[in-house]
Amino acid sequence: MVILLLSLLALCWILVVYHHLIFPLILRRLRKVKSAVPVSAFRNRDLPEITLLVPAYNEVDVIADKVRNIASLDYPRDKLNLIIACDGCTDDTAIKALKTAAEPENKHLQIEVAVFPENGGKVAILNKLIPTIKSEIVGLSDASALISIDALYNAAAQFTDPKIGVVAPTYRILQPGSEGEAAYWRYQTGVKLGEAALGAPMGAHGALYFFRREAFCPLEADTINDDFILPMRMVADGYRAVYDTEIVALELEQATTQMDLNRRKRIAAGNLQQLLRLPKLLLPRYKGIAFSFFSGKGLRAVMPLILLCQLLICALLSVDSIFMLALTLLQLAVIIGAAIAPNFENRLPHALNVLSYLVNGYRSSLEGILRYLVGLEKGRWKRVSEQEI
C-alpha cells in the first residue's frame, strides 16, 4: 500500500511540475509574434461585412462607452453592424444604448437593440441570433470591453485566408484587481502565443473574438465556456484559429478579489465540461493542438483534483513519516495563508501576492469542479458581481 501511495504521489507531482513549469517553458521556446497581415495593402479590397454581437445583462454603466467605441472603429460604415442583445435586463441598458447611438457622432452606426424580456443566458442569445446574421464574419464582444480602433481591418485581413475560421485577439485589463491577476494575464498572453505556434490558441476570450458565421453550430444550452467550445469546435471541424496581437480587447471592469474568485469557479467548471465535450481534440491527428490541449487546458481542468489528491496522500503517509507530516502541514499553512493574504496585499512582496492568487485560484477552481460534478453549476450566466459566493 505504501508503494502504491508513493507511486501515485510521484505521478501527481510529475503532472504538477509538467503543467506549471515544463509545458510553459516549451511554449516559451516556441512562441513568436507572427507578422500581421499587411492591412495597408488590404484596405482597397472588397471588405467582408462584419456584425458585432454584444450580449448584455444589466450593463447600463458601460453600454454607452461600448456603443461609442464601436462607432469610432476604423471600418467602412456600410460594412459594420452592431447588435446589442439585452437578455432580460432589469435596468436601462437598452434605452441607454439607443440614446447613445442617437448622438451625432454615432448616428452612422447600423445598430439593432434586441430586447429579450426573460433572462435566457448568453448561450441562448447566441443560438437565437447568430443564425439570423447575414454577414460573413461575426464578432462576439463583452459590453465591458473596448476594442482597438483598427481591430476590424486586422480581423478582415486574417479572414482573407479561407482556412481561417477563428481570430482570437489579445486580452488586457485596464485596472487589474490585484498583482496576481495582472501577472496571470501577462502570463496568459505568452501562453496564447505558444499555443498558436503549436497549431491554434486554445479558445478565445469572451471579451472579443471573431469567427466565420457559416462555421457556427448551435451550442448546448448548458454550455459554460462558450468562448472555448464555440471556436474549438470549429478547429475540430477543420478550420484554423489564429492569435492576433494587433487586435486588443481592453477590459474596463475592475473585479474585486471575491468577484475574480467567483469567476474562476465558473471557468473551472467550464474547463472540466469542455474536456468532457471535446475529447476528440486529444486524438493524435490533431498533432500540436492535441499536445497543447492535453498539456494546458486538459491538465488545468483536473489540476485542482490532482493537487487535492497529493495532499490527501501526504496526509496518509504522514502517519509513519515526519517528512510527510511536515509537508502536509506546510501545504495547509500555505492554503490558510493564501486565504488571508488578500487582506494584506499592499504590504506583501510581489512573489507572495502571485502565490496567493494562484493558490486561491485553485481553491476556487476545486469548488467550481465539485459544483459541476453535482450539477450545481449551470450554463446560465450572471454578472460576476451578482453570482453567489
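These legends describe close-up views of a predicted model. Residues are numbered from 1 along each chain as its sequence is written. Local features need pLDDT of at least 70, side-chain atom pairs count only at pLDDT 80 or more, and totals for chains, interfaces and linings use all residues, while side-chain values use heavy atoms, without hydrogens or water.

**View 1. Confidence along the chain.** The mean pLDDT (the predictor's confidence in each residue, from 0 to 100) is 89, and 92% of the residues reach 70 or more. Residues 384-389 have pLDDT below 50, and this stretch has 14 contacts (heavy atoms within 4.5 Å) beyond near neighbours in sequence. Where pLDDT is low, the predicted coordinates should not be read in detail.

**View 2. The largest nonpolar core.** A nonpolar core is a set of buried (under 20% relative accessible area, 1.4 Å probe, protein chains only) Ala, Val, Leu, Ile, Met, Phe, Trp, Tyr and Cys residues joined through side-chain atoms within 4.5 Å. The largest has 42 residues, of which Leu 53, Leu 140, Phe 211, Leu 230, Met 232, Leu 281 and Ile 289 touch the most other members.

**View 3. Surroundings of Ile 289.** Beyond four places in sequence, Ile 289 is in contact with Leu 198, Gly 199, Ala 200, Met 202, Met 232, Val 235 and Leu 281.

**View 4. Helices α11 and α12.** Val 334, Ile 335, Ala 338 and Ala 339 in α11 meet Ser 356, Val 359, Asn 360 and Arg 363 in α12.

Definitions and conventions:
Buried < 20%, exposed > 50% of the residue type's maximum accessible area, 1.4 Å probe, protein only. Helix = DSSP H or I, 4+ residues; strand = E, 2+ residues; numbered from the N terminus.
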